[in-house]
Amino acid sequence: MKVTLEWEYKPSRSKNMIRFVSDPVTVAQAVQLAADIERTGRLGNLTFLDETGVYWSKKELQKMVAVIETEPSDITAFFDGGFQKDELLSGQGTAVYYKQSNKNYRVRSNASYHMIESNNESEYAALWLLLNELERLGVQRTPVTIKGDSMVVIQQMSGEWPCYEKNLQKWMDKIEEKLKILGIKPSYELISRKENKEADSLATQALHKNMIHGKKEIID
């Protein structure tokens with residue numbers, strides 16, 4: 001999560017306060033910057049505004065710093081959906097890379113959702129699976145880079161393309177609601193199928209009823 005500092009500063013030999021607004025910074029940087037400003041002895045009202053429009057006090061942010069150190073961060077997540085039209089089978093795969101407590105991890109999972117009618121719907125189901133995995137990991141109030149090779153899903157979720165299909169719109173609505181509840185700010189990136197081979201492989205394995213869920217520490 002990033003926040004913007006808004007504060008009042010009283011110059012010497014002046015009764016009027018000057019209002020300043022910072023660029024977005026991390027929570028830890030915001031707490032440090034606030035301490036630096038306070039040392040001037042000329043600080044007036046000070047607030048912190050997060051990316052969702054919520055204001056925080058300095059005390060609240062200081063508590064959050066300790067929590068953030070143990071929460072997942074630097075998150076990059078991949079998703080992919082597969083579909084066999086002749087048998088009406090679907091498979092979804094996800095891979096999440098993140099840092100927690102100064103260690104790097106990867107979590108892989110897959111699923112096979114029922115009542116899927118198309119490949120595009122399977123791709124949305126894979127994104128839904130991904131969000132549930134992020135929720136299980138305790139990801140909240142943080143940016144997440146989401147990568148996939150479905151142009152339809154990436155462009156529609158990014159707001160670049162409209163969605164006219166009712167079944168896909170239902171997936172979009174509940175995905176956006178989940179993102180709002182978790183406070184996740186997604187950054188969508190369209191990648192090639194080759195770059196998405198890990199999630200693709202997991203989706204294919206789900207089609208063959210080979211279910212996987214595993215966490216691994218990544219050691220350089």
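**Entry 1: a cut-off.** I note the classes before using them: a residue is buried under 20% relative accessible area, exposed over 50%, and partly exposed in between. The model is a predicted one.

**Entry 2: positive phi.** I looked up Ser-101, which is not a glycine and yet has a positive phi of about 50°. Ser-101 sits in the loop that joins β7 and β8. Its relative accessibility is 41%, so I log Ser-101 as partly exposed.

I then looked up Lys-209, another residue that is not glycine, with a positive phi near 65°. Lys-209 lies in the loop between α6 (197–207) and β11 (213–218). Which class does Lys-209 fall into? Its relative accessibility is 67%, and because exposed means over 50%, Lys-209 counts as exposed.

**Entry 3: overall form.** I find six helices and eleven strands in the protein. The radius of gyration is 21 Å, whereas the globule rule gives 17 Å for 220 residues, so the protein is more spread out than a compact globule. Along the principal axes, the C-alpha atoms fill a box of roughly 80 × 45 × 25 Å.

I also logged the contacts: of those with a separation of 6 or more, 68% are between residues 24 or more positions apart.

**Entry 4: surface and charge.** I have 41% of the 220 residues down as buried. The accessible surface is about 12600 Å², and carbon and sulfur atoms hold 49% of this area. For the charges, I have 30 positive and 31 negative, with their mean positions 7 Å apart.

**Entry 5: the cores.** Which members of the largest nonpolar core touch the most other members? They are Leu-127 and Leu-134, in a core of 33 residues. At least two residues of this core come from each of β6 (73–84), β7 (89–100), β8 (103–111), α3 (119–137), β9 (143–148), α4 (151–157) and α5 (166–182). The largest share is from α3, with nine residues.

I listed the contacts of Leu-134, leaving aside neighbours within four places in sequence: Ile-75, Val-96, Val-139, Val-144 and Ile-184. There is also a second, separate core of 15 residues, and I noted Trp-7, Ile-37, Phe-48 and Met-64 among them.

Technical notes
Residues numbered from 1 in each chain as written. Predicted model: local features only at pLDDT ≥ 70, side-chain atom pairs only at ≥ 80, totals over all residues. Heavy atoms only, no water. Helix = DSSP H or I, 4+ residues; strand = E, 2+ residues; numbered from the N terminus. Rg over C-alpha atoms; globule rule 2.2 N^0.38 Å. Buried < 20%, exposed > 50% of the residue type's maximum accessible area, 1.4 Å probe, protein only. Contact = heavy atoms within 4.5 Å. Areas by Shrake-Rupley, 256 points an atom, 1.4 Å probe, with all protein chains shown as cover. Lys, Arg positive; Asp, Glu negative; His and termini not counted. Charge placed at Lys NZ, Arg CZ, Asp CG, Glu CD. Core = buried A, V, L, I, M, F, W, Y, C linked by side-chain atoms within 4.5 Å.
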